[in-house]
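Here is a short briefing on one protein model. Please look over the sequence and the fold before reading on.

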Amino acid sequence: MLDVGKWPVFALLRPEDLRLIRQACVFGSAGNEALYVTVNDEVFSLGTNCSGCLGLGDSQSTIEPRRIDILCGKKIVSLSYGTGPHVVIATADGEVFAWGHNGYSQLGNGTTNHGLTPAQVSANLLSKKVTEVACGSHHTIALTTEGEVRYTAVLGQCVCGAIVTLALSQVYAWGYNNSGQVGSGSTANQPTPRRVSSCLQSKVVVNIACGQLCSMAVLDNGEIVCGYAHTLALTDEGAVYAWGANSYGQLGTGNKGNQAVPTLINTDKERMVEVAACHAAHTSAAKTQSGQVLMWGQCRGQAVLSPHLTHFTCTDDSLKKEFDSPEISDLKFLVDGKCIHVHKALLKIRCEHFRALLNETDEESIEIDQFSYLETIKRGISEENAIALLSAAVKYEARNFIHKASRYGAFKN
């Protein structure tokens with residue numbers, strides 16, 4: 001069983017459905033959309049469905065999983081999400097499917113018509129085997145394997161017995177090209193997949209990655225990830241290099257100066273084994289060999305200039321325990337005769353309504369009698385905000401609230 005319980009978007013799935021999930025990908029700007037594959041090779045999606053990125057043929061949000069028939073039976077080996085937004089996948093057979101926003105031909109079908117269902121990207125790729133895909137904001141790149149060349153090594157007049165096998169790889173790109181991100185040598189948009197040949201001729205590419213407006217290819221064993229406008233590279237020795245924009249400290253160099261060349265990040269920790277970056281923000285992260293997670297850049301509204309050790313689980317547990325604590329709270333709400341203990345400072349920071357309300361009163365107790373719980377549920381929940389409310393409910397262990405809302409028809413038109 002794949003553990004997807006930490007993602008709020010999966011919170012309402014029945015335990016028997018969760019046990020069938022073999023592969024899952026959560027995407028979207030707030031992790032509120034998901035696609036998953038079952039042990040029976042069926043493919044489902046659920047979530048907010050921004051720009052039709054759930055691939056269901058419409059743009060309706062859904063908290064119930066819906067099957068994507070065209071992808072059932074196809075093993076997904078690579079999936080990438082662009083913040084345009086659009087989604088591109090590669091299958092075990094080397095096929096590529098794309099759907100979502102297509103204003104710059106990032107779906108590779110030669111048009112700018114949006115795609116609400118997965119459609120195979122066929123132009124120039126039908127005879128290729130695609131092994132990996134990557135999306136920028138409005139462009140896409142794909143790594144292909146062309147086959148293998150086998151030859152016998154010759155030393156002088158002796159023919160060696162060892163047979164060497166080389167895999168030939170090529171990179172194709174399409175979509176938005178205002179910054180030359182499709183590698184065609186111009187800045188004209190590319191409506192269909194086109195081979196990137198100028199700088200990659202006769203080279204073996206092993207990994208690809210995209211930033212918002214850039215593309216990367218790795219020629220040796222290693223890892224590269226791209227953020228909004230910066231890049232991280234992980235070496236096989238476990239060192240992390242960064243370059244690009246640095247206005248939020250996302251390079252981890254201790255300052256906000258941009259870097260035009262790869263710069264070694266001083267983590268002062270053990271060997272790094274993973275790196276990550278966020279397209280939608282300016283955040284970077286790395287994981288050490290012992291499992292510790294470091295973060296830097298735009299973190300919770302702050303600019304963290306150097307790698308910072310995080311303890312999210314402990315912090316979340318602590319806040320959760322103290323959220324409704326009568327010992328340390330400085331305000332309580334009375335709703336239907338029930339008392340909820342809160343913190344004025346947190347409410348003022350998080351909500352403009354409470355900021356105005358609390359600035360006008362010094363009361364230690366406020367009674368809310370305008371609505372009952374059920375009236376509030378019916379008036380306040382819609383299809384548009386259901387997933388966001390579900391995420392908040394799961395975070396604060398209020399799943400019963402959502403279940404009750406569903407039973408009373410809160411999610412019906």
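The points below cover the overall chain, its nonpolar cores, a cavity and some backbone features.

This is a predicted model, in which local features need pLDDT of at least 70 and side-chain atom pairs count only at pLDDT 80 or more, while totals for chains, interfaces and linings use all residues. Residues are numbered from 1 along each chain as its sequence is written, and side-chain values use heavy atoms, with hydrogens and water left out.

**Overall chain**
- The protein chain has 7 helices and 25 strands (DSSP runs numbered from the N terminus: helices are H or I, at least four residues; strands are E, at least two).
- Of its 413 residues, 40% are buried (under 20% relative accessible area; exposed is over 50%, partly exposed in between; 1.4 Å probe, protein chains only).
- Among contacts (heavy atoms within 4.5 Å) between residues at least 6 apart in sequence, 43% join residues at least 24 apart.
- The chain exposes about 22100 Å², with 51% of it from carbon and sulfur atoms (Shrake-Rupley method, 1.4 Å probe; for residues, only the protein chains shown count as cover).

**Nonpolar cores**
- The largest nonpolar core holds 16 residues (a core is a set of buried Ala, Val, Leu, Ile, Met, Phe, Trp, Tyr and Cys residues joined through side-chain atoms within 4.5 Å).
- Strands β2 (33–38), β5 (76–82), β6 (86–91) and β7 (96–100) each give two or more residues to this core.
- F27, L35, V43, L71, V87, I89 and W99 have the most contacts inside the core.
- Beyond its neighbours within four places in sequence, L35 touches residues including F27, V43, L71, I76 and W99.
- Another core lies apart from the largest one; it has 13 residues, among them V96, V121, V130 and A142.

**Backbone features**
- A cis peptide bond links G84 to P85, with omega about 5°.
- P85 sits in the loop between β5 and β6.
- N49 has a positive phi, near 65°, and is not a glycine.
- The loop between β3 (43–47) and β4 (62–67) holds N49, which is buried at a relative accessible area of 2%.
- S51 also has a positive phi, near 55°.
- S51 lies in the loop between β3 and β4 and is partly exposed, at 31% relative accessible area.

**Cavity lining**
- S169, Q170, V171, R195, V196, S197, L200, Q201, K203 and V205 line the largest cavity.
- Strand β11 (residues 158–175) gives the most to this lining, with 3 residues.

Technical notes. 1 Å grid on protein atoms, 1.4 Å probe; cavity = no way out; pocket = protein on both sides within 12 Å on 5 of 7 lines; lining within 4 Å.
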